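Subject: Structure handover

Hello,

Here is the structure I promised to pass on. My notes follow below it.

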Amino acid sequence: MADLNQDTVTDAVIAQMADTPDPRMREVMAGLVRHMHAFAREVKLTPTEWLGAIDFLTRTGQACTPYRQEFILLSDALGLSRLVNLMDDTANRVGEATETSLLGPFYRESSPTFGYGESIAVHAEGPEMVLFGRVVDEGGNGVPDAIVEVWQTDADGAYDLQANDPSVMDMRGQYRTDAGGNYAIRTLVPLGYSIPMDGPVGAMVRTQQRHGFRPAHIHMLIGAEGYRELVTALYLGDDPNIDSDTVFGVSESLVVRPVVGAEGSPDPSVPSVRYDFTIARRAAHDTSARVGADPSKLAAE
Ligand SMILES: [Fe+2]
């Protein structure tokens with residue numbers, strides 16, 4: 001046998017994995033090994049640092065619960081989620097479809113349903129705003145019966161998942177577009193928020209002297225039969241951190257500014273945003289565009 005040295009160990013590992021039957025798995029794992037080894041060589045990773053990383057990742061996993069996904073948060077804070085999101089958008093975004101954004105760690109399946117113009121604020125209180133417009137196809141035709149899911153922080157910058165009783169849903173819901181593709185959502189003005197700073201990811205962000213804030217935003221997940229699911233978010237343009245999102249989710253086309261007296265608003269006396277979402281026809285090869293998940297689907301109780 002040949003003695004391994006620091007230049008030959010990488011190829012030895014890849015050779016041993018070469019019989020992996022699934023070609024995609026083989027490709028991904030070979031790439032992972034190649035880049036992890038290159039990373040260790042580049043930074044001259046020491047045994048102490050290696051163990052520190054194992055400890056950090058162990059604590060990251062231990063911080064995960066059905067109501068908290070610290071690994072998604074880590075991916076978000078390192079920009080990996082955004083990279084995956086951007087690559088998927090580039091590969092699959094069709095025509096003029098609305099730009100996508102991160103699903104994030106606070107999405108929950110089976111949120112309550114609301115009628116046109118009803119408010120998702122069941123328990124929370126604060127200044128109100130209205131979000132309205134149409135869901136249209138690439139030809140600008142309204143898409144009827146599309147499901148518009150929305151979730152956001154309350155006026156204090158907290159998601160229901162971060163409340164005393166995270167099993168109670170608030171500030172989230174599902175709407176259906178009418179025959180013309182119209183939707184209208186009454187909600188509270190969301191507040192920008194700090195990512196959870198009491199876990200290992202927060203400690204990392206603090207060590208890097210980053211502010212840890214996301215600009216105020218409203219998450220949206222829009223789906224209709226035969227169309228590609230749209231995962232996006234609208235960002236409030238007057239937020240002080242609009243240009244320095246800790247998880248890199250903002251795009252210019254998703255920045256909005258609520259105004260009183262907006263034409264067509266179901267309640268023009270309330271600051272309103274009109275935003276039309278364009279969704280694209282589902283392609284034959286389509287896969288999920290969700291960069292994120294309901295935490296309860298990833299971690300057992
Ligand atoms: Fe969020």
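First, a term: buried means under 20% relative accessible area, exposed over 50%, and partly exposed in between (1.4 Å probe, protein chains only). The model is predicted: local features need pLDDT of at least 70, side-chain atom pairs count only at pLDDT 80 or more, and totals for chains, interfaces and linings use all residues. Residues are numbered from 1 along each chain as its sequence is written, and side-chain values use heavy atoms, with hydrogens and water left out.

**Aromatic rings**

Rings of Phe, Tyr and Trp (its six-membered ring) pair if their centres lie within 6.5 Å; planes under 30 degrees apart count as stacked, over 60 as edge-to-face and the rest as tilted. That rule gives seven aromatic pairs. Phe106 and Tyr159 are stacked, because their ring centres are 4.2 Å apart and their planes at 15°. This pair links distant parts of the chain, 53 residues apart. Phe106 and Tyr159 are both buried. Phe106 also pairs with Tyr193: centres 6.1 Å apart, planes at 85°, so edge-to-face. Here the two residues are 87 apart in the chain. Tyr193 is buried, like Phe106.

**Ile54**

Where is Ile54 found? Ile54 sits in helix H3 (helices are DSSP runs of H or I, at least four residues, and strands runs of E, at least two, numbered from the N terminus). Ile54 has a relative accessible area of 38%, so Ile54 is partly exposed.

Best wishes
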